[in-house]
Amino acid sequence: MESLSRASITNPGTLSPSSSSASYFLFPRRFRRSNGFSSSSAFGNLRRIVSRCRVRAEIEKPNAPVIDFSDPEWRIKYQKDFERRFNIPHITDVFPDAKPIPSTFCLRMRTPVSEDFAGGYPSDEEWHGYINNNDRVLLKTINFASPNSAGAVCIDPDCTWVEQWVHRAGPREKIYFKPEEVKAAIVTCGGLCPGLNDVIRQVVITLEIYGVKSIVGIPFGYRGFSNSDLSEMPLSRKVVQNIHLSGGSLLGVSRGGPSVSDIVDRMQEKGINMIFVLGGNGTHAGANAIHEECRKRKLKVAVVGVPKTIDNDILLMDKTFGFDTAVEEAQRAINSAYIEAHSAYHGVGIVKLMGRHSGFIAMHASLASGQIDICLIPEVPFQLHGPHGVLTHLKYLIETKGSAVVCVAEGAGQNLLQKTNATDASGNMVLGDIGVHIQQETKKYFREIGVHADVKYIDPTYMIRACRANASDGILCAVLGQNAVSFPLIPLPPLKLFQIIIINCRRCPTTNVISQ
Ligand SMILES: Nc1ncnc2c1ncn2[C@@H]1O[C@H](COP(=O)(O)OP(=O)(O)OP(=O)(O)O)[C@@H](O)[C@H]1O
Ligand SMILES: O=P(O)(O)OC[C@H]1O[C@](O)(CO)[C@@H](O)[C@@H]1O
Ligand SMILES: [Mg+2]
């Protein structure tokens with residue numbers, strides 16, 4: 001998607017720590033001494049890097065639309081194309097005779113304010129205010145005046161404003177599934193992420209509010225569709241009431257699993273006509289394939305995806321659930337590394353954080369901590385050795401500050417490691433361990449130059465995700481869960497990834513109260 005900015009990235013003011021003694025380092029974009037390199041300038045660097053990566057992705061994307069900017073109509077054409085790509089499939093696309101019924105989702109718990117009564121007692125329609133199908137949310141909020149504006153991401157060379165609208169999530173007045181005819185299934189796939197239980201819980205509670213009685217959990221991701229010894233788990237408000245108090249997934253997760261056609265066979269056998277998939281890019285590729293297969297078989301099945309990436313690497317979104325918790329949890333590891341480094345003679349602390357392809361966790365955790373001297377992320381290549389390498393800078397830090405702390409994202413510096421071509425069960429590349437590599441190289445380097453260094457390495461990878469969601473993520477998950485349910489019950493949206501995304505949009509106000 002062109003030029004879609006994430007509000008949190010484009011507004012560094014909201015994220016930069018108000019005061020920080022730390023210096024940040026992004027290699028090799030600029031090699032600077034740590035003194036005077038402020039966290040906000042580091043954040044600016046990250047924004048530029050993110051923009052650069054995005055622009056590169058756009059250029060390299062084989063199916064990127066070719067825009068003729070000399071055509072005076074190009075903006076209108078672009079906007080039309082954008083609207084087409086963000087269009088949500090509707091049940092009537094496949095079943096033109098499908099008849100809607102009034103929503104069974106009750107908004108009556110909203111407390112009326114005195115003005116509501118000014119012209120007499122309001123009608124249900126006036127008071128309850130469901131989401132209108134034509135409501136839209138503006139995606140790009142900054143109108144960059146010039147491509148040279150800080151962090152500018154533009155569609156055309158002159159950086160003219162192009163509005164990008166997406167559908168607004170939330171309950172509609174009419175629905176297309178009779179709740180008593182629904183058998184809903186929830187499945188969580190890929191790696192763990194804080195908040196999975198919160199989303200499961202809210203999906204179940206909201207389905208019950210709509211009147212759906214048959215709700216099941218599929219155990220251990222898509223694998224639960226193939227293993228005969230794994231039976232579906234009946235879910236209800238009673239079962240899920242307190243699951244958000246624990247981390248992990250009540251249902252379990254997995255990578256790999258059966259073919260899409262096997263999954264749809266099992267869904268048919270089990271009578272599942274609504275499926276909520278919670279997962280990342282792989283899971284959504286699967287969800288999309290399930291949707292296509294259902295469509296091919298002319299099955300009235302709604303497939304809804306709730307995007308889950310602890311790495312927060314979907315640039316259309318303000319924030320994905322679990323990220324906030326992970327960053328917060330990472331503070332403990334960083335603080336421990338800092339204490340170890342500062343308490344040792346010539347101490348060097350190294351912390352490795354998650355982020356296969358992106359450095360958002362590492363960068364945000366570094367900025368928040370105010371204790372990191374060097375932050376290494378996959379978006380920016382760097383060298384360990386040589387005059388502009390990380391190790392030379394570490395030596396400088398040891399000489400000037402007496403200690404140093406490095407935060408490295410797991411996907412950073414993969415070019416420095418031996419490639420194995422190994423993949424996991426889902427086909428994802430298995431990465432080399434950059435944290436261990438930096439630890440070993442640091443020890444070796446200081447030994448060779450005859451300078452004492454006390455190197456301590458902390459890898460909290462699974463500790464930052466195998467934990468309960470924090471309060472902020474808890475609220476985000478509740479909104480996601482509720483809006484995910486509202487979608488299939490309205491039009492039929494076997495949603496494609498970018499259509500699902502609006503469920504996660506922070507700027508999509510929901511008019512309804514979240515039922516707890
Ligand atoms: N292209 C695809 N088509 C169908 N299914 C897929 C596809 N890619 C992955 N899957 C399935 O989706 C599930 C999850 O995929 P994967 O392990 O890559 O995690 P993910 O959803 O990307 O989450 P994470 O962010 O944790 O990596 C697996 O069961 C995998 O078999
Ligand atoms: O070790 P696992 O379970 O494969 O998952 C780890 C991966 O999941 C991710 O969080 C992606 O969601 C990566 O950042 C990380 O490498
Ligand atoms: Mg993935």
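Which polar backbone atom is 2.9 Å from an oxygen atom of ligand 1? One of Gly-282. The points below start from there.

1. Basis. This is a predicted model, in which local features need pLDDT of at least 70, side-chain atom pairs count only at pLDDT 80 or more, and totals for chains, interfaces and linings use all residues. Residues are numbered from 1 along each chain as its sequence is written, chains are lettered from A and ligands numbered from 1 in the order in which they are written, and side-chain values use heavy atoms, with hydrogens and water left out.

2. Ligand 1, contacts. Thr-283 places a polar side-chain atom 2.4 Å from an oxygen atom of ligand 1. For Arg-255, the distance from a side-chain N or O atom to an oxygen atom of ligand 1 is 2.9 Å. On its own, ligand 1 has 630 Å² of accessible area, and the protein covers 76% of that. Areas come from the Shrake-Rupley method with a 1.4 Å probe; for residues, only the protein chains shown count as cover.

3. Ligand 1, shell. The shell holds 17 residues, and the closest are Gly-191, Gly-256, Asn-281, Thr-283 and Ser-426. A residue belongs if one of its heavy atoms lies within 4 Å. Helix 9 gives the largest share, five residues. By class, 11 residues are polar, three nonpolar and three charged. Here Ala, Val, Leu, Ile, Met, Phe, Trp, Tyr, Cys and Pro count as nonpolar, Asp, Glu, Lys and Arg as charged, and the others, Gly among them, as polar.

4. Ligand 2. Its shell consists of Arg-255, Ile-310, Asp-311, Met-354, Gly-355, Arg-356, Glu-410, Tyr-462 and Arg-465. Five of these are charged, three nonpolar and one polar. Arg-356 uses a backbone N or O atom, at 3.3 Å from a ligand oxygen. The Glu-410 side chain has an N or O atom 2.3 Å from an oxygen atom of ligand 2. Taken alone, ligand 2 exposes 400 Å², of which the protein buries 78%.

5. Arg-465. This member of the ligand 2 shell sits in the loop between strand 13 (454-458) and helix 14 (471-486). Helices (H or I, at least four residues) and strands (E, at least two) are DSSP runs, numbered from the N terminus. Arg-465 counts as buried because its relative accessibility is 16%, and buried means under 20% (exposed is over 50%, partly exposed in between; 1.4 Å probe, protein chains only). Leaving aside neighbours within four places in sequence, Arg-465 is in contact with Gly-191, Leu-192, Cys-193, Pro-194, Ile-310 and Met-354. Contact means heavy atoms within 4.5 Å.

6. Ser-249. This residue lies in the loop between helix 7 (237-240) and helix 8. Ser-249 is buried, at 14% relative accessible area. Its side chain makes a polar contact of 2.8 Å with the side chain of Thr-188.

7. Helix 8. Ile-263, Val-264 and Met-267 are buried in this helix, residues 260-270. The buried residues fall within an arc of 95 degrees seen down the axis, so they line one face. The arc is taken from the directions from the helix axis to the C-beta atoms. They pack against strand 8 (274-279) and helix 9 (281-296). Just after helix 8, Gly-271 has a positive phi of about 75 degrees.

Definitions and conventions. Polar contact = N/O pair within 3.5 Å; in protein donor to acceptor, adjacent residues only side chain to side chain.
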